[in-house]
Amino acid sequence: MQKFGVIKNVLTDIDLDNWKKIYQQVTSTKTNEGDLCWGIDINCLAYNWFLKQVMPVIQTNFDPEVKLIFSSFIKLYSPIKIHNDIKSIPNGDSGRHYKSILIPLSVEGDKLDFKNVSTRFYDDNKNLTGTLTWEPNSILWWDSETLHDSGDFKKNNVEYKEYIITHTYVH
């Protein structure tokens, strides 16, 4: 069974630009690597917007009963090391971790040329099992427990990449 994949040409540039603007209106925090991120969860004022605008895209392409753990817009300057996406399920709700959904936005502000960035996947022994090169207007996804990293985009002289990442669960 496939643990990761890509769904091509799901979104429009207009949707992505609008989504990015909304994310950047919420409170910013920092990633573990120290880069800025703007997050939405059940306690955020933008939560209802997320349920109306972003969640239907996720539900159409995945399980219609999927629920949000949290989602964030990230401008990533520092590559992220190998990890999984097991996060706390909100408000003590029951369920199991489902998918992580990455929506590429830009590479150094360019919305078309993603050839130098990827997300890489690993087995439990941290052996590389696959790489997904980013594609415009697409959704990259993986099972939440799958080990992955941000790819070493710095080796390709990429300063930063921007994306929306959403962590989900199901009952």
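A pocket, on a 1 Å grid over the protein atoms alone, is an open set of points where a 1.4 Å probe fits, with protein on both sides within 12 Å along at least five of seven lines. Grid points are joined across faces, edges and corners, and a volume is the space filled by probe spheres set on the points.

Before I use that, two remarks on the model. It is a predicted model, where local features need pLDDT of at least 70 and side-chain atom pairs count only at pLDDT 80 or more, while totals for chains, interfaces and linings use all residues. Residues are numbered from 1 along each chain as its sequence is written, and side-chain values use heavy atoms, with hydrogens and water left out.

Now the pocket. The largest one has a volume of about 500 Å³. Its lining, meaning residues with an atom within 4 Å of a point, counts 27 residues, and I74, I80, H83, K87 and H167 lie nearest the centre. Two or more lining residues come from each of β2, β3, β4, β9 (147-149) and β10. Strands here are DSSP runs of E with at least two residues, helices are runs of H or I with at least four, and both are numbered from the N terminus.

Next, the sheets. Two strands pair if DSSP finds at least two bridges between them. Seven strands make an open sheet in the order β1-β8-β5-β10-β4-β3-β2, paired antiparallel. β1 (4-7) and β2 each have a single partner strand and stand at the edges, so one side of each has no neighbour in the sheet. On average, neighbouring strands are turned by 25 degrees against each other, direction ignored; the axes are lines fitted to C-alpha atoms, for helices over the stretch in contact, and angles run from 0 to 180 degrees between N-to-C directions. Within this sheet, β5 and β10 run antiparallel and are joined by nine bridges. I103 has I164 in β10 as its bridge partner. Helix α1 packs on the sheet, where it touches β3, β4, β5 and β10, and its direction makes about 110 degrees with that of β5.

The other open sheet has three strands, β7-β6-β9, with antiparallel pairing. Here β7 and β9 are the edge strands with a single partner each, so one side of each is left without a neighbour in the sheet. β6 (residues 118-122) and β7 (residues 128-133) are joined by five bridges. S118 stands opposite T133 in β7, and T119 has L132 as its bridge partner there. Their hairpin has five residues between the strands, and in it K126 takes a positive phi near 65 degrees.

On to the interior. A nonpolar core is a set of buried Ala, Val, Leu, Ile, Met, Phe, Trp, Tyr and Cys residues joined through side-chain atoms within 4.5 Å. Buried means under 20% relative accessible area, exposed over 50%, and partly exposed in between, with a 1.4 Å probe and protein chains only. The largest core has 28 residues, of which W19, Y23, I40, F50, I58 and I103 touch the most other members. β5 gives the most to this core, with four residues. Apart from it lies another core of 18 residues, including V107, W134, F153 and I165.

Which residues does I58 contact, leaving aside neighbours within four places in sequence? They are F50, V66, I101 and T166, contact being heavy atoms within 4.5 Å.

Last, T31, in the loop between β2 (28-30) and β3 (36-40). Its relative accessible area is 14%, so T31 is buried. Beyond four places in sequence, T31 touches C37 and I74.
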